[in-house]
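Biologist: Please take a close look at one part of this model for me, the places where charged side chains pair up. Keep it brisk.

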Amino acid sequence: MRTASDPQAPAPKDEERNVAPLTDPFSRALRMIGLVAAALIALHAIFVAFQGQYVSPELIRAAAMFVCALIVVFTSPLAANLGLRKTPQVAVCWIVDLALLANLGYACWNFLKKIDDIENLIAEFSTVDQLTALIAVLTLLELTRRAFGIVLAGVGLATLLYCLFGENLPWIFRHSGFSLELTMEILWFGVQGIFGDPVGIVVLLIFIFIVFGALLEGTGAGAVMIRMALVGTQGTRGGPGHAAIIASSVFGMSSGSVVANVVGTGVVTIPLIKRRGFKGSFAGAVEAAASTGGQIMPPVMGAAAFLMVSLAGVPYQTICIAALIPALLYYGNLFVSVGLEARRLGLKPTPKAERRKLETGDWLLSLSFVLPICAIIGTLAIGRSPSMAGFWAVVATVVSGLVLNPNLRRNPGALLKALSNGGVAGARIMMAVGTIGVLVGVFNLTGLGLKFATQVALLGDQSLFIALLLAAGSCLVLGMGMPTLPAYLIIVLVLGIAMKKLGVPDLSIHLFVFYFGVLSAVTPPVALAAVAAAPIAGAEPIRTGINALKLSLVGFIVPFVFIYEPQVLLVVEDFDLLAFLWVMGRLIFAIWLMSTALIGCEIDRLPAWSRILRIVAGFGLIMTFTELQFAAIVLGVALIAVSVITARRNAAASTA
């Protein structure tokens with residue numbers, strides 16, 4: 001087990017899609033160059049966070065895109081990705097990689113050379129310009145595949161093909177047809193496609209928080225939080241299960257990656273949860289659900305809060321306040337569910353005589369996590385930018401780590417490794433965001449996004465609930481297989497217009513699509529978080545995913561609630577305290593009924609009929625019809641009363 005003071009505990013890579021690196025001297029040399037470039041671009045992110053945009057937007061975006069592509073190519077070469085090890089095969093793959101990288105560099109330079117002509121509407125694009133741009137776009141799709149798998153890359157390729165050949169498709173998918181020249185002008189040579197605002201946001205804002213998360217883990221802050229959570233939950237039935245919830249919520253909000261959170265905390269917590277007496281599939285599900293929830297936990301929210309500031313135009317403080325109650329409900333449900341499962345299995349809290357205690361050094365080391373979070377909140381509270389908050393969080397992380405952690409002082413090279421890890425993770429995110437730029441450019445060019453929005457709005461005229469169900473399903477599908485930030489970006493850019501047409505407030509739109517984008521990580525059949533947790537737990541991924549889905553049920557319900565009951569977000573103009581208390585009381589009661597139904601236990605194990613009726617009562621409590629709400633309250637109280645009476649009778653019979 002990693003100790004709390006070990007700064008060399010490996011920081012998890014972004015989506016843990018790493019394969020064994022190549023071992024020949026040439027490949028090792030290029031990998032080293034890639035890691036050095038990753039550390040340098042991480043330092044560049046820190047500089048940009050402090051200095052701001054110091055060159056033209058086009059230059060910083062194109063240069064960052066090329067350097068990030070170089071990092072991904074050198075750290076995830078084609079030969080390693082395909083599992084090839086023979087020298088001739090490796091040589092051929094490196095020729096392909098270097099040729100693609102050289103073409104990408106030329107295409108980025110060509111974009112910068114023509115940008116003035118493009119802005120003045122006098123640019124001309126030769127066949128060479130068009131073909132090199134097309135190959136560059138395909139290169140970004142391939143690098144996205146290496147970083148995050150086939151899903152996002154496949155969507156990007158399908159979108160590109162749709163733009164080029166979609167004039168023969170039926171219904172809303174048909175467009176007037178676009179030449180390769182016009183397609184590349186929008187996707188590559190303009191600022192509506194790959195080099196658009198999403199890439200700019202990543203370079204200027206998001207990259208610094210990716211580096212922050214890597215440094216936080218590299219300084220040992222993540223490990224000490226796990227240890228404190230384990231010690232702090234020894235008095236509960238769930239024990240390590242509750243510790244996983246606490247540690248994953250705290251670490252996950254800063255990591256920016258659900259899978260990295262699962263791997264980073266799960267290697268410690270999952271074996272302990274199993275040892276406590278829980279099944280492997282349940283242990284993996286707890287970690288998967290808790291790690292997923294870390295992305296919706298203020299104040300950092302996996303850096304999504306800061307991305308939301310830019311996209312929604314809503315102050316950071318407002319986003320954090322709005323996200324607080326839903327996040328607490330999510331984790332409250334998790335905590336209750338683990339406790340109920342422990343009760344169902346007959347588990348008891350750890351005896352007081354066997355409980356470990358925290359040492360003074362652990363409390364001091366905890367400051368290495370607390371101080372950076374305080375730096376973020378304090379910087380934003382005085383009105384500075386989110387990027388400046390990220391800068392001071394990085395400074396606080398490094399300084400507190402060096403001051404409080406003697407192992408880090410003895411081995412400061414761990415900071416360089418953490419910088420490199422952050423640079424690699426950020427480079428991979430850049431590939432994904434570049435692919436999203438393809439989608440954005442095609443949607444703008446073809447009008448597909450507006451057509452889809454119109455169809456959803458027409459459906460919303462008939463039933464807002466059905467339109468929201470369609471939007472939620474679309475979010476889950478679009479978010480599957482993606483890390484949090486690209487998932488949120490693509491979903492809000494595709495579905496944001498549609499939901500605005502439904503008359504839903506902007507902040508509610510962004511939180512709604514963000515929640516369902518995040519929850520795609522525990523939604524089978526992809527369920528990346530469950531897939532990452534299952535091998536650690538020694539369990540089957542689908543079963544782990546189903547259990548994680550049940551544990552995360554509240555996350556699927558709350559977004560609908562705050563659309564119909566905006567009081568839950570606390571930031572509505574006509575906030576009514578009584579209305580807030582009424583909806584919160586119903587929500588908490590519904591969570592209890594549904595949690596006991598899904599686990600199958602309250603005081604004792606529940607019969608099937610009681611579980612079914614509890615689900616019915618739970619959904620009745622969150623409906624908008626007052627009569628149904630009161631009926632559900634009566635039914636829920638009656639079910640609990642029956643459970644209590646039955647448990648007392650059973651206890652009396654067992655002691656007789």
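Predicted model: local features only at pLDDT ≥ 70, side-chain atom pairs only at ≥ 80, totals over all residues.

Modeller: Start with Lys114, which is buried, at a relative accessible area of 13%. Buried means under 20% relative accessible area, exposed over 50%, and partly exposed in between (1.4 Å probe, protein chains only). Residues are numbered from 1 along each chain as its sequence is written, and side-chain values use heavy atoms, with hydrogens and water left out.

Lys114 has a partner. Its side chain meets that of Asp129 in a salt bridge, 3.3 Å from N to O. A salt bridge here is a side-chain nitrogen of Lys or Arg within 4 Å of a carboxyl oxygen of Asp or Glu. Lys114 sits in helix H4 and Asp129 in helix H5, so this pair links distant parts of the chain, 15 residues apart. Helices (H or I, at least four residues) and strands (E, at least two) are DSSP runs, numbered from the N terminus. Asp129 is buried too, at 7% relative accessibility.

Arg146 and Asp97 form a salt bridge of 2.6 Å, N to O. Arg146 belongs to H5 (residues 127-148) and Asp97 to H4, so the pair ties together parts 49 residues apart in sequence. Arg146 is buried at 3% relative accessible area. Asp97 is buried at 1%.

Now look within H5. Arg145 forms a salt bridge with Glu142, with the closest N and O atoms 2.9 Å apart. The two are three residues apart in helix H5, about one helical turn. Asp97, Glu142, Arg145 and Arg146 are linked in a network of salt bridges. The whole structure holds eight salt bridges.

H4 (87-119) gives the largest share, three residues. Helix H7 (180-187) supplies at least two.

Last, the setting. The protein chain has 28 helices and zero strands. Of its 656 residues, 57% are buried.
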